[in-house]
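Please keep the sequence and the model in view while reading.

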Amino acid sequence: MGLNDFPDEPPADIEAERQQAYAEGQEAATRGLSETHEAEIEAMAEAHRGELDALKQKHEAEVAALMAVKFREIAAEVARAVSDGAATAIAPVLSESVAQASIANLARLLEEAILEGAAGPITVKGPAALFERLQSEIASGSGLLRHVEADDLDLSVDVGEAALVTRISAWTASLKKVLE
């Protein structure tokens, strides 16, 4: 076989080859750019998600800290309100208890003075209601007691050279100071 025995190839269409190469190059470039673009978008989206997560965690930490502070403030306010309410509720009971104990002690001291014969007429200064309670506490010698009305909360009694005074007003003042 000779050189000329090969079939003739059709002549190459350079323009068609050029267009085909151009189309393949453009397709490869478009595909490469699209992949690069998609990768960049995914990287930005991931960075955005990371920033949102960081902001979310920061916000949650700030909210938790604020809630803890506010809960402590609310708890303290509730404790104060309960304490004030309880103190206000029991103050009259305690005041009455202190008044009763003071009158009982004063009555005992007066009875001892009367029994020792150290007393003639005894003047008791203070509110009429407390004087009546004092009289009811003294078993003997209540006829020796004279009452002089006074605006004070305390009863005061002069027996000889001694002065006996209940401390109801001092206790009430202390209680008011504590309640404020």
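Where is the place of Met-67? Met-67 lies in helix α1, residues 14-115, where helices are DSSP runs of H or I with at least four residues and strands are runs of E with at least two, numbered from the N terminus. This is a predicted model, in which local features need pLDDT of at least 70 and side-chain atom pairs count only at pLDDT 80 or more, while totals for chains, interfaces and linings use all residues. Residues are numbered from 1 along each chain as its sequence is written, and side-chain values use heavy atoms, with hydrogens and water left out.

Met-67 counts as partly exposed because its relative accessibility is 42% (buried is under 20% relative accessible area, exposed over 50%, partly exposed in between, with a 1.4 Å probe and protein chains only).

Leaving aside residues up to four places away in sequence, Val-124 touches several residues, including Phe-131, Leu-134, Leu-145 and Leu-155 (contact means heavy atoms within 4.5 Å).

## Loop contact

Ala-150 sits in the loop between β2 (145-149) and β3 (156-159), and counts as partly exposed because its relative accessibility is 24%. Ala-150 and Gly-126 are 24 residues apart in sequence, yet their C-alpha atoms are 4.4 Å apart in space.
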